[in-house]
Amino acid sequence: MRPALTTTQLLALLAVVLGTLVFAVSFAVDTTSARPEPVPFDTTVQRGITMADEQIARNRSVSVPRAEVFYSQYRYVVGYVGLDQAVTALAEPGHERQFGYPLVVYVSDYSDRPVRCGDDGSLRTAAPPDWVEASQAHYVVDGSVRVPSGPAVVPFADRADAAAFAESCGGRIVDWETLQSRSFHLQRAAAVRNQVDPRRRDADATVRAARQRRTRPVSVEVGPDAPTIQAAVDAAPPNTTVAVPAGSYAERVTIDKPLTLSGPGATLDGGGNGTVVTVTADRVGVTGFDIVGVGNATVGDPTNASDSAWDATVTTAYGNSDAAVTGRNASGLYVADLTVETPASGVVLRRTPGAVVENVTVDGTADWRDGFMGVVGMHGPIVVQDSVFDGGRDGVYLHRADGTAVRNNTFRDNRFGVHLMYTSRSLVADNAARGQAYAGVVVMTNPVANAIVGNDVRHAGSGVMLAGSRSYIAHNVVSDTGQAMSTNAGRSLYEHNVLYGNELGLRASTAVPSNVVAENDFVANDRHAVSGPGPLRVYTHEGRGNYWSGAYDLTGGAAPVLTQPYSPTDPIDRRLHRTDAAVVLGSAPSVRGLRALRGTTPGFRRGSIVDRAPLAAPANPEAVRRLRNETAAAGAS
């Protein structure tokens with residue numbers, strides 16, 4: 001039974017509602033009287049290429065054309081890094097309804113600049129470009145010039161300058177109207193949804209290929225054929241197995257040829273100094289060991305970085321931590337059936353495309369501040385599956401590891417369960433995370449096209465926290481966290497997630513609300529959702545919204561969709577699942593009149609979310625039923 005509000009609380013709540021109505025009227029200001037001028041780009045709300053591509057462009061002195069868009073009903077200027085990004089965003093369905101009419105669009109102007117395509121085809125200029133109205137510019141397309149994210153569209157105010165550039169770098173000249181009609185084939189969130197199963201199949205294929213390391217013939221056995229593991233590795237011919245009988249071996253081993261090192265029942269003790277097994281060759285297998293005695297160095301010396309890339313410091317610092325197994329520049333590495341005790345990392349993989357880590361248990365430090373990563377994957381796609389990561393800093397940490405699959409793992413008591421940095425087009429699926437200090441799954445640095453599906457996060461600081469764009473976040477269950485989910489990722493699809501019994505269900509935190517949020521279940525959260533500043537966020541797609549426990553229908557009908565909109569940011573609606581008095585106040589004529597106005601004007605109220613077609617029953621009934629039963633059982637025990 002929801003508690004009733006006192007008379008004083010009821011009056012205070014009504015005052016909040018009336019204050020909201022006054023604010024709604026005062027917000028309707030005329031924004032079209034003056035034509036805006038370009039602003040410094042770093043003051044805009046920025047969207048566009050990934051942060052990795054931005055870093056590469058900065059490191060290589062590549063110029064990336066930009067756009068600034070001013071909207072009639074949006075108080076921020078939206079800045080796009082890459083004209084393909086701007087054109088695609090402006091053409092999105094419902095874009096004008098959400099933000100209002102674009103008052104003016106400015107694009108970079110490379111006229112009167114010493115602009116060229118470098119030896120590598122990159123766009124370079126000695127002076128930053130100025131601005132020109134998009135409708136007045138001439139665009140060179142289909143040439144050889146590139147930016148890190150792909151082919152460049154280069155705008156010029158002067159057609160003669162555009163023609164000279166096209167003559168030098170190739171391409172043809174089009175106007176703004178023609179440019180807007182082009183399709184830039186940017187990957188959309190719905191396309192990522194369709195790629196989930198293919199990504200699973202790709203991971204399956206990678207695992208099948210790596211498992212071939214299990215079946216190599218034995219060539220050398222430690223003991224009868226060689227006195228030490230290292231001696232056996234040195235003596236073994238390529239593409240064979242070195243067998244290590246049960247027992248304890250105090251060694252650190254380097255494998256520099258395609259071999260399988262197999263030791264079911266064997267313990268490998270590194271003596272607490274450095275990495276225990278180092279792999280520098282392709283197609284190596286390391287299987288069946290208990291590994292202890294890993295060194296405790298968690299950060300390498302960045303002054304010794306041999307990589308001149310923009311992320312050399314991170315690569316050196318994170319990729320050189322001590323570990324049970326480290327692979328460097330070694331494709332097809334297979335690490336399986338290990339148990340690891342480590343004060344640092346479990347497995348470190350640098351430039352190891354096609355590496356597979358499966359059925360590995362990493363026991364890290366009890367306090368995550370004292371340890372490091374269960375698996376570090378850098379500069380190449382890997383598969384991490386069916387493993388357990390207990391303690392330490394991050395269960396799986398990825399850095400520029402596009403195309404990685406992390407699936408069917410268990411994470412316990414880490415800082416983050418899965419942590420993606422500068423990593424796009426990856427699959428994080430069907431993992432269980434418990435007791436993370438910060439988050440079960442976190443994606444940072446604005447990557448694209450990630451799929452976060454089927455994960456179960458409980459008893460953590462936060463559940464699933466994402467940045468970036470064009471990603472797919474679906475079928476995740478998050479319960480008993482401080483904040484279940486955020487919509488930091490833009491132009492992404494959030495569907496069929498169950499956010500149950502959290503302090504906060506969802507935080508809408510992007511200033512540019514471009515996500516689809518539909519058919520999710522918000523149940524028994526202290527607050528279902530909150531919103532930061534920006535235009536009205538409409539959490540309804542193709543006539544269906546989300547299930548919000550507490551939402552009701554005045555008509556009392558049995559339709560699958562309620563006729564009355566629901567707003568989790570409304571001072572009345574947000575209390576409907578907590579107190580019966582909110583239902584009474586919500587039926588008042590003045591409040592119903594305000595609700596009739598809600599959602600008709602983009603941005604008419606600060607920090608607003610509205611669901612115009614809330615669901616009458618959970619979209620994911622089995623998951624909700626299971627959570628309710630678990631909660632009831634816990635309360636009865």
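**Exercise 1. In what order do the 5 strands of the open sheet lie, and what kind of pairing do they show?**

Welcome! Keep in mind that this is a predicted model.

Step 1. Read across the open sheet: the order is E1-E3-E2-E4-E7, and the pairing is mixed.

Step 2. Now find the edges. Strand E1 (45-48) and strand E7 (130-133) are the edge strands, each pairing on one side only.

**Exercise 2. Describe how E1 pairs with strand E3, and find the helix that lies across both.**

Step 1. E1 and strand E3 (residues 74-81) run in the parallel sense, with 4 bridges between them.

Step 2. Pick out a residue pair: Gln 46 is placed opposite Gly 79 in E3.

Step 3. Helix H3 (residues 83-90) lies across E1, strand E2 (66-71), E3 and strand E4 (102-109). Its direction makes an angle of about 30 degrees with E2.

**Exercise 3. Find the residues that touch the most other members of the largest nonpolar core.**

Step 1. This core holds 76 residues, and the ones to look for are Ile 255 and Ile 291.

Step 2. Ask which element gives the core its largest share: strand E23 (residues 355-363) does, with 4 residues.

Step 3. Zoom in on Ile 291. Leaving aside residues up to four places away in sequence, Ile 291 touches Leu 268, Val 276, Ala 324, Val 325, Leu 338, Thr 339, Val 340 and Glu 341.

Step 4. Finally, look for a second, separate core: it has 26 residues, including Tyr 74, Val 87, Phe 99 and Phe 184.

**Exercise 4. Sum up the protein chain in a few figures.**

Step 1. Count the elements: there are 12 helices and 48 strands.

Step 2. Of the 637 residues, 56% are buried.

Step 3. Among contacts with a separation of 6 or more, 55% join residues 24 or more positions apart.

Step 4. The accessible surface is about 25,200 Å², and carbon and sulfur atoms account for 50% of that surface.

Notes:
Residues are numbered from 1 along each chain as its sequence is written. This is a predicted model: local features need pLDDT of at least 70, side-chain atom pairs count only at pLDDT 80 or more; totals for chains, interfaces and linings use all residues. Side-chain values use heavy atoms; hydrogens and water are left out. Two strands pair if DSSP finds at least two bridges between them. Helices (H or I, at least four residues) and strands (E, at least two) are DSSP runs, numbered from the N terminus. Contact means heavy atoms within 4.5 Å. Axes are lines fitted to C-alpha atoms, for helices over the stretch in contact, and angles run from 0 to 180 degrees between N-to-C directions. A nonpolar core is a set of buried Ala, Val, Leu, Ile, Met, Phe, Trp, Tyr and Cys residues joined through side-chain atoms within 4.5 Å. Buried means under 20% relative accessible area, exposed over 50%, partly exposed in between (1.4 Å probe, protein chains only). Accessible areas come from the Shrake-Rupley method with a 1.4 Å probe; for residues, only the protein chains shown count as cover.
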